[in-house]
Amino acid sequence: MSDRDPLTTLQAAFAQAQRPVNAKLLHPDCRDDGDIAEYYGCPNWESLSDAFIVRNYASLSFLSPSAFRYYLPAFLFWLIRNPKSPEIVADTIFLSLDPGTESEHLHGFRMSRLSAVSYTH
């Protein structure tokens, strides 16, 4: 078991992620950017407040793979800071990380986002 701070570990894990330009924030299979509109004014994930995360809880489902990789740490930070929150944010984080089964209609869509996130030890 490591005694490293989980927030520091997360920050290091996503340090190389680059914010996509605004035109590349929306997943190419999505047609409506209403759920990610607030991201257009956000220069970096570290500036997102807890209130932003709660307000935009569903947005992970609409982000492009590169935007998902870039903004995921903000949601994970929220989860670590708010482990007992009654907000639905935690559920949507876990759902966004679940590829589902190959027989599910959205499996390919989910995998396209997850393809941008990999873990190396």
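A polar contact is a pair of N or O atoms within 3.5 Å; within protein, one must be able to donate a hydrogen and the other to accept it, and residues adjacent in sequence count only if both atoms are side-chain atoms. Such a contact, of 3.1 Å, joins the side chains of Asn56 and Glu38. The model is predicted: local features need pLDDT of at least 70 and side-chain atom pairs count only at pLDDT 80 or more, while totals for chains, interfaces and linings use all residues. Residues are numbered from 1 along each chain as its sequence is written, and side-chain values use heavy atoms, with hydrogens and water left out.

**Overall fold**

- The chain has five helices and zero strands, where helices (H or I, at least four residues) and strands (E, at least two) are DSSP runs numbered from the N terminus.
- Read from the N terminus, the order of elements is α-α-α-α-α.
- The radius of gyration of the chain is 14 Å, which agrees with the value near 14 Å for a compact globule of 121 residues; this radius is taken over C-alpha atoms, and the globule rule is 2.2 Å times the number of residues to the power 0.38.
- Along the principal axes, the C-alpha atoms fill a box of roughly 40 × 35 × 30 Å.

**Burial and contacts across the chain**

- Of the 121 residues, 36% count as buried, meaning under 20% relative accessible area (1.4 Å probe, protein chains only).
- Contact means heavy atoms within 4.5 Å; among contacts between residues at least 6 apart in sequence, 62% join residues at least 24 apart.

**Asn56**

- Asn56 sits in the loop between helix H2 (50-55) and helix H3 (65-81).
- Its relative accessibility is 8%, so Asn56 counts as buried.
- Leaving aside residues up to four places away in sequence, Asn56 touches Asp35, Glu38, Tyr39 and Phe75.

**Tyr39**

- Tyr39 belongs to the loop between helix H1 (6-13) and H2.
- Tyr39 counts as buried because its relative accessibility is 0%.
- Not counting residues up to four places away in sequence, the residues that Tyr39 touches include Arg19, Asn22, Leu25, Asn56, Ser59 and Phe75.
- The side chains of Tyr39 and Ser59 are joined by a polar contact of 2.6 Å.
- From C-alpha to C-alpha, Tyr39 and Asp50 are 14 Å apart in space, and they are 11 residues apart in sequence.

Conventions
Buried < 20%, exposed > 50% of the residue type's maximum accessible area, 1.4 Å probe, protein only.
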